[in-house]
Amino acid sequence: MAKSLDRIKNSREDLVNKIIENMEKGYIFQREKWNSNLLKPHNAYSNAYYKGANRFRLLYEEDRKGYNDSRWLTYKQIEKINEEIKEEDKKLKVRKHEKGTLLEKWIWQEERKITNDETGEEEKIIVDLKRPIVRYFIVFNGEQIENIKPFELEKMEETDITRTADTFIRSSLCPIEEKVQDKAYYSPIDDKITLPPRDSFKNDKAFIGVLLHEMSHSTGHEGRIERKIRNLFGSDDYAKEELRAELASLFLLSDLGISDKETFQDNSNYLKSWIQVLKDDPNELFKASNEAEIISEFLNDNYEKEMILEKKKEENARKNEEGIQQIRKLQVNIKNWYRKEFPTDEVGETLNNNVSFLDLHNLLF
């Protein structure tokens, strides 16, 4: 365990030093344009997406080394895939001199066997650990592996960003106001988000990026994911909260399939404050990444609930419209039948196109 901790600690410090170097140059990620598929690193064997600090590590590696492949595999997973491949020259193997990327695994629960006092039978239970079991594992990108099938980027359809933003706004647990002014902010005291009018943003991506950033701050309110959010401007705590909100916004945008060169705000004011925070504590980046994952999942859950409500409303509206059309068709059939059977009847003469079922009932009965 001690060796694992030391290895992870050294790896963290190395990564943070590299990121600080980038920050001092004025950026974190240097790519001019991201494809949203590359913002979602995943395991090619299990198809699971990496989360939190591991997600950030792989994003950084993809950016630093210019990978256009978001798939990652361990040595053991490569061996398992090779068990299904008969021809030796087609089996997967890591290219010579390639170095993998270290990822972390912190285990906070474990399965234990106990004897039931009443039945005397052995049972399995899950218990919380006082201290986590620390593990690390090494993964390799698809571009580091020979004979792997070419990575096919999904065909990205144009996302209706405006509709997505509006759905997020409706899912918000605090009021969101668009106001004619030049600042976007969340007020912890009023529990309210204020944004400049969306027409004042350079594009829809910029608007939804700022919206999600401020919504990320709002999750820290009491009764949500409570954390210290009433921080003095320019303080270390203020910088830490800004880092969490910015990472959460990045994760959400990538999950939504929205990305471009401005996905991650390389704001010089942010960078300067983050540099000092990371220098003081290299672990802060990993804490922020893990908390940002929790924030993004919290907001995404509310977003998906709102989507379900909207679909139900649309479905109900469609069914109501279909019912109205059936009623109208039935009314027309009744009118046509009555006019045919009683062409000179006074009631028949009053059956105009706007008659309702109540009118028909009163006229006929």
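**View 1. Strands β4 and β5 sit side by side.** Strand β4 (residues 101-115) is joined to β5 by 14 bridges, and the two run antiparallel. This is a predicted model: local features need pLDDT of at least 70, side-chain atom pairs count only at pLDDT 80 or more, and totals for chains, interfaces and linings use all residues. Residues are numbered from 1 along each chain as its sequence is written, and side-chain values use heavy atoms, with hydrogens and water left out. A strand here is a DSSP run of E with at least two residues, a helix is a run of H or I with at least four, and both are numbered from the N terminus. Look for E104, which stands opposite Y136 in β5. Between the strands of this hairpin come six residues, and G120 takes a positive phi near 75°.

View 2. Four strands make an open sheet in the order β1-β2-β5-β4, with mixed pairing. Its edge strands are β1 (42-43) and β4, each pairing on one side only. Two strands count as paired if DSSP finds at least two bridges between them. Strands β2 (residues 71-73) and β5 (residues 122-141) are joined by two bridges and run antiparallel. Which residue in β5 is the bridge partner of L73? That's F140.

**View 3. Here's a nonpolar patch on the surface.** L5, W106 and W108 form the patch, and together they have about 300 Å² of accessible area. Patch residues have over 30% relative accessible area and no salt bridge, with nonpolar side chains (Val, Leu, Ile, Met, Phe, Trp, Tyr) joined within 5 Å and like charges within 9 Å. A salt bridge is a side-chain nitrogen of Lys or Arg within 4 Å of a carboxyl oxygen of Asp or Glu. Areas come from the Shrake-Rupley method with a 1.4 Å probe. W108 belongs to strand β4, and W108 counts as partly exposed because its relative accessibility is 48% (buried is under 20%, exposed over 50%, partly exposed in between).

**View 4. Finally, a cavity.** Searching the whole structure turns up one cavity of 30 Å³ or more. On a 1 Å grid, a cavity is a set of points where a 1.4 Å probe fits but cannot get out, and lining residues have an atom within 4 Å of a point. The largest cavity holds about 50 Å³ of space. Its lining includes S171, M215, R224 and F298. Helix α8 gives the largest share of that lining, three residues.

How values were computed:
Buried < 20%, exposed > 50% of the residue type's maximum accessible area, 1.4 Å probe, protein only. 1 Å grid on protein atoms, 1.4 Å probe; cavity = no way out; pocket = protein on both sides within 12 Å on 5 of 7 lines; lining within 4 Å. Points joined across faces, edges and corners; volume = space filled by probe spheres on them.
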